Protein chains: 2
Amino acid sequence: MVKITDVAKKAGVSVATVSRVINRRGNVRKSTEQKVLEAIKELNYIPNFSARSLKTEKTLTIGMIVPDITNPFFPIVFRGAESVVKQEDYTIILCNTFEDEYEEMRYLSILEAKKVDGILLIKAPGRSGNEQYMEKLNTLPIPIVYLDRLPKLQDIPAVVADNIGGGYAATTHLLKLGHRKIAIITVQYPLTVHLERLQGYVNSLRDHNISINKSYIKKGIPTIEEGISLGHSLLSMKDRPTAIFVTNHKMTIGIMRALEIAALECPKDISVVGYDDFDWESVFHPRLTVVAQPAYQMGETAAWLLIKILRDGVDDLPNKKVILSPELKIRESCGIYCQSKSKLKMP
Amino acid sequence: MVKITDVAKKAGVSVATVSRVINRRGNVRKSTEQKVLEAIKELNYIPNFSARSLKTEKTLTIGMIVPDITNPFFPIVFRGAESVVKQEDYTIILCNTFEDEYEEMRYLSILEAKKVDGILLIKAPGRSGNEQYMEKLNTLPIPIVYLDRLPKLQDIPAVVADNIGGGYAATTHLLKLGHRKIAIITVQYPLTVHLERLQGYVNSLRDHNISINKSYIKKGIPTIEEGISLGHSLLSMKDRPTAIFVTNHKMTIGIMRALEIAALECPKDISVVGYDDFDWESVFHPRLTVVAQPAYQMGETAAWLLIKILRDGVDDLPNKKVILSPELKIRESCGIYCQSKSKLKMP
DNA sequence: CCATTTTATGGAATCGTTTTCACAATATAT
DNA sequence: ATATATTGTGAAAACGATTCCATAAAATGG
């Protein structure tokens, strides 16, 4: 293991000078710098990160906690984040919590011990009685930027998508197409994102004076199977909805299966709006109309925000919460529903 | 920042004793240990990882280099690896190379500097003239376990799927169904995995005395678009194949699109065997017959192998290369082709 | 050419652990 | 009870960088 003293000896200078060269601190004569650089190259010297971190209290590492990297939304966010942090020579420790808050706590402690410089946190759904965990989150000596999902904390740095807007856009789109019996399938976990998408749905219906039918609101866990079973229960209603808005991608897959099993044609018999958009979306039949989230951009923005905080501190931040807009991508899974002739008032 | 001396002072012992308690080194009286543990808890002491790493030369961190975390195969591998390393308190730095060997080199240097304990490497396709890089790979002072894709190096620890077997199984399946004009769409990069899948295809045809039609072998980059265009070129041949074996998942999506565009029905008009199997596979129409790789298990095994090497060294390893078998999952995308009545000899 | 400012350099302390070595305390054997 | 083996404990030396401070060398001004 070649170390800084070896370089110093070889270059005929002190370790202090070598350190100055490495860290571009200046105050080094050009010729000296040259000698040092040569010695470094010749000895193939690589500074020891642990030693450096011990002194500087910087690890050039950030932690990223995701609920499930297998959910195709999160790899995109990861890449977005990575693309910006790498420019500042940061590296990312990726932690998968399986949507489990205990795992999240465990990882948070590890990241704290490992002294990462900052954390990008996409929260797992919170269980009850986690007050002291929230307290810990809030007092962790490491800057956290929350991503996508928000905890119940005030005024924290966060990057989220406009989920109310997404839910509103999806629902309004269906209303414009003439649908009045619009169901929503959403996730039962206490996650802000799904609560807000539901809120958008409710807001849209209310704004258009459509009364809300509680039996059209279904909640479950975000799996394909659950999507199928929730789809079944919706399709077997006497007063079956003419359109379904699904706030989760896996459940959307389930819905499409349920339609197929029920021998219903989309969009002829029933319209569907999904959530999230991936590059393999073209395999759906019909191709899905979806609310597409700016996943990559969310990752980029969060990373950018974190790095800014790492550099300038959290205090002089103009706005701690960044809200990015999703985009309604209209494709082929929604049809026009004409039965009701009532004029639709648009906002 | 509370440190070990604070704990020592509070517990009325020396730092050496505190260290012994923390690291379970033994030789500490029960009552002393109790005092120390209490002090730790009371002060909320967390050992400083950088300082520890500096002394022990262990970071409890491993690097994982993947070509593209957006390819759904790799998140599964990641989870597999994470599930085993977490049991040993390791943490994973995830590095995305975008299938670019220069990025890979860059990350490798960073991981070396950061002194990760080991590396899980899924190689990017190699460019020409990378001899000194290979040399560097081979002499890196950090244990590497190669995953999925192998470099041209002899006798290195690696975990791969049996790609020849996968290609053989897919092709043989089609042959059994009566197909004789079987095309293959594969990736042009010099990657062992695709070369081997092609090899399996060739082997199967040869074993069954079917002559190889070079125009049925198409290569391209692994994207949906390329799959579409390669599909087009195959479908527009005068002597169009009756079956297509695609060695890459994204290209498979493209093929299915191409069939749709050409108004060909699968499996009635043409049969397809794809590669890789994900939980959203059910969205395909028809559901695809695929060669499913044991992605999770590959991640697990590689991590397990790496940890074993970290613990016992690389020398007393029975076999450095672990080959896992893929599984042919027969679903609905392959039909029987009866035109040729010739008896098919099975091996 | 000397006084003064600026720039370049090295010595040594420091970061927070682990670990070796010496020795003290206790347990075991005779 | 004494000799010996075992166990428990602390002082101090690493580990490999960064950085403060003092001083040497060079540049600048008159």
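**Enclosed space and its surroundings**

Author: The structure holds 6 cavities of 30 Å³ or more. This is a predicted model, in which local features need pLDDT of at least 70 and side-chain atom pairs pLDDT 80 or more, while totals for chains, interfaces and linings use all residues. Residues are numbered from 1 along each chain as its sequence is written, chains are lettered from A in the order in which they are written, and side-chain values use heavy atoms, without hydrogens and water.

Reader: How is a cavity defined, and what volume does the largest cavity have?

Author: Rolling a probe the size of a water molecule over the atoms shows where empty space is left. On a 1 Å grid over the protein atoms alone, a cavity is a set of points where a 1.4 Å probe fits but cannot get out, and lining residues have an atom within 4 Å of a point; the volume is the space filled by probe spheres set on the points, which are joined across faces, edges and corners. The largest cavity has about 230 Å³, and of its 16 lining residues the closest to the centre are A:Thr59, A:Thr61, B:Thr59, B:Thr61 and B:Lys114. H4 of chain A and H4 of chain B each supply at least two residues of this lining.

Reader: What volume does the second largest cavity have, and which residues line it?

Author: Its volume is about 60 Å³, and the lining residues include A:Ile253, A:Met256, A:Arg257, B:Ser282 and B:Val283.

Reader: Which residues of helix H4 of chain B are buried?

Author: A helix here is a DSSP run (H or I, at least four residues), a strand is a run of E of at least two, and both are numbered from the N terminus; buried means under 20% relative accessible area with a 1.4 Å probe, protein chains only. In H4(B), residues 49-56, the buried ones are B:Phe49, B:Ser50 and B:Ser53. They lie on the same side of the helix, because they cover an arc of only 95° around the axis, taken from the directions from the axis to the C-beta atoms.

Reader: Is A:Thr289 buried or exposed?

Author: A:Thr289, in strand E10 (residues 289-292) of chain A, counts as buried because its relative accessibility is 0%. Its side chain reaches the backbone nitrogen of A:Arg331 at 2.8 Å.

Technical notes: Buried < 20%, exposed > 50% of the residue type's maximum accessible area, 1.4 Å probe, protein only. Polar contact = N/O pair within 3.5 Å; in protein donor to acceptor, adjacent residues only side chain to side chain. 1 Å grid on protein atoms, 1.4 Å probe; cavity = no way out; pocket = protein on both sides within 12 Å on 5 of 7 lines; lining within 4 Å.
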